[in-house]
Amino acid sequence: MNIRNTIYAAFALLLITSCAKMGSPDGGLFDDTPPKIVSTSPADKSTNVKTHKININFDEFVKLENAQEKVIVSPPQLEVPEIKTEGKKVVVDLKDTLKENTTYTIDFSDAISDNNEGNPLGNYTYSFSTGNQIDTLEVSGHVLAANNLEPVKGILVGLYNDLSDTAFTKKPLMRVSRTDSRGRFVVKGIAPGNYRVYALNDVDGNYCFSQKSEQIAFNRDSLKPTCGPSLRQDTIWRDSLHIDSIRQVGYTRFQPDNIVLLAFTEEQTDRAFLKSDRQEPEKFTLYFSHGDKELPKIRGLNFNEKDAFIIEPSQKNDTIHYWLRDTALCNQDTLRMEMQYMMTDTTGILISKTDTLEVLSKESYAKRLKQKTKRYEEWKKEQDKAKKKGEDYEKEMKPEFLEPKYDIGTTISPNDIITIEMPRPLRKCDSSAVHLYAKHDSLWYKSQFIFRKKEGTPRTYEILGEWRPEIEYSIEVDSDAFEDIYGLVSKGFKGGTKVGSIDSYSSLFVTLEGVQDTGVIVQLLNKSDEAVYQVKAKNNHADFYYLKPETYYMRVIYDTNGNGIWDTGLYADKQQPERVYYYPKAIECKAKWDVTQAWNVNTTAISKQKPLAITKQKPDKDKKRVDRNAQRARQLGIRTTNN
């Protein structure tokens, strides 16, 4: 007797027993059977089809989940097809003109389930042809984000039999699929021939790469789909813990089935002026969509622009801060100016453009003056009250001070650098007023250090000391060491820190295999996939000293242009993004331990390299039929058998 008959017999007995008692009988068996297709019109895999309307009939009422996202029609439809349910059937109405001698596939994925219990039909693809044969070849693979190997969910993947480089920018994709939560895709219904494969986040719905903001992936190598018989191992589980048997099953293998596309978004090089902003009265900021080697030229219309600014451009010159030197200019609510800058015209050429700007302060001078007066009155009231009580009081209100931000932890490692960030540009920086002391045998001694500006970061300074394990340090800064351009000076500062013992750290020594000899950056990552340590490999070796005892992950970047960062690709130049590899396991670094790790970056397929623990795009749970009748039988103490 099989399990279903056993359950029916058990529930029949339970129903008889229930009827002999006062009370309501049990609700009966659940409908755990997925919907079944009873017919299709036209028939699945029909040829010489002329109709635009497809009906798929089921044995029960069904529903569609996320049809717009999950159901893929190939070839792609420029006019969105109508896909809906009507009772016990799914209806697809194709709005585009049908192409001659073409195989059409409608991939429903797992969108179809029964209406009451939600039992999934499972992955289902319907196909027909407008010619006299059905094309059945398939290709499959993964789309990963080029910068961090994250699976890219929901991106289009498509083929061209036109192998020219312009096809991707001029023609709609021929056959398409969409990636699932694992970044996996399967393009079906392919005719024999040679193809190129692309991925596209199709923003404007034209199925070709027409906007720089669209995420893309491409492979210049052509592929030739094939198929043939193959074997795979199927594991039969007795229960969730025990394997019953392993058997070999024959199937048709479609190849290539291991395509990897690395998706990227091109750098936005079109330059346009976005906005001006003046959050603080002392500075205003100009924002551009992209930087230019030449900064804008400013001509004041209600002020003299000569020597009026200290200019702080961002690294890419797309955000530019203008600090006003003169306090009188800071108190001016509106700055009217003429700005001459380079912008991209409709043909993609940089041209000179002149705009007139009115930059308004977020808070008016009158409001700031009122707030200052209020603060003085509150101070005066407190001092008068103290004077009447015979307590100590201030005769003059204390001036405002420049308040640098000191980044000094209570403990540091020998690799750390202490930073001091200034809130405004400086007029004076007296490095002789900065001191470093080290404690040896309860006595403090002067310690050697370097004090310098931090490269690439405005208004930030670094203290580089010879930090020795188990030594306590004191960083002391005299008052008036720093003075900003408005005359505010800094107060004295004293901060202490201590370097941990050698035994409190770990070291990691990495030997790389299968990589280029130069231009390789090795990064250690935390559990959030963020780089916490970085070195440039030398002779295929990367050494990390004084690591905090933690779990790390590892990434390699091919720094092709040597600028120290990952760079994206450019389709017009056929330039792929810089390659990235992930070590497929976690690396446990413990105190007092030196860890040696060899890593061949090509041993593990790139689609399987990134550890799931730091993968943000987690795979969706597969829809599975749950046998709730068996569950109910167990709850009722009814024994069932699979024999």
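Me: What makes the link between the side chains of Asp-355 and Tyr-341 a polar contact?
Reply: A polar contact is a pair of N or O atoms within 3.5 Å; within protein, one must be able to donate a hydrogen and the other to accept it, and residues adjacent in sequence count only if both atoms are side-chain atoms. The Asp-355 and Tyr-341 side chains make such a contact at 2.8 Å. The side chains of Asp-355 and Lys-353 are joined by another, of 2.6 Å.
Reply: This is a predicted model, where local features need pLDDT of at least 70, side-chain atom pairs count only at pLDDT 80 or more, and totals for chains, interfaces and linings use all residues. Residues are numbered from 1 along each chain as its sequence is written, and side-chain values use heavy atoms, with hydrogens and water left out.

Me: Why is Asp-355 called buried?
Reply: Buried means under 20% relative accessible area (1.4 Å probe, protein chains only). Asp-355 has 16% relative accessibility, so Asp-355 counts as buried.

Me: Which residues is Asp-355 in contact with, leaving aside neighbours within four places in sequence?
Reply: Contact means heavy atoms within 4.5 Å. Asp-355 has Phe-273, Met-337, Glu-338, Met-339 and Tyr-341 as such partners.

Me: Where does Asp-355 lie?
Reply: In strand S25, residues 350-360. Strands are DSSP runs (E, at least two residues), numbered from the N terminus.

Me: How do you know that S24 and S25 pair?
Reply: Two strands pair if DSSP finds at least two bridges between them. Eleven bridges join S24 (residues 334-344) to S25, and the two run antiparallel. Met-343 has Ile-351 of S25 as its bridge partner.

Key
Helices (H or I, at least four residues) and strands (E, at least two) are DSSP runs, numbered from the N terminus. Buried means under 20% relative accessible area, exposed over 50%, partly exposed in between (1.4 Å probe, protein chains only).
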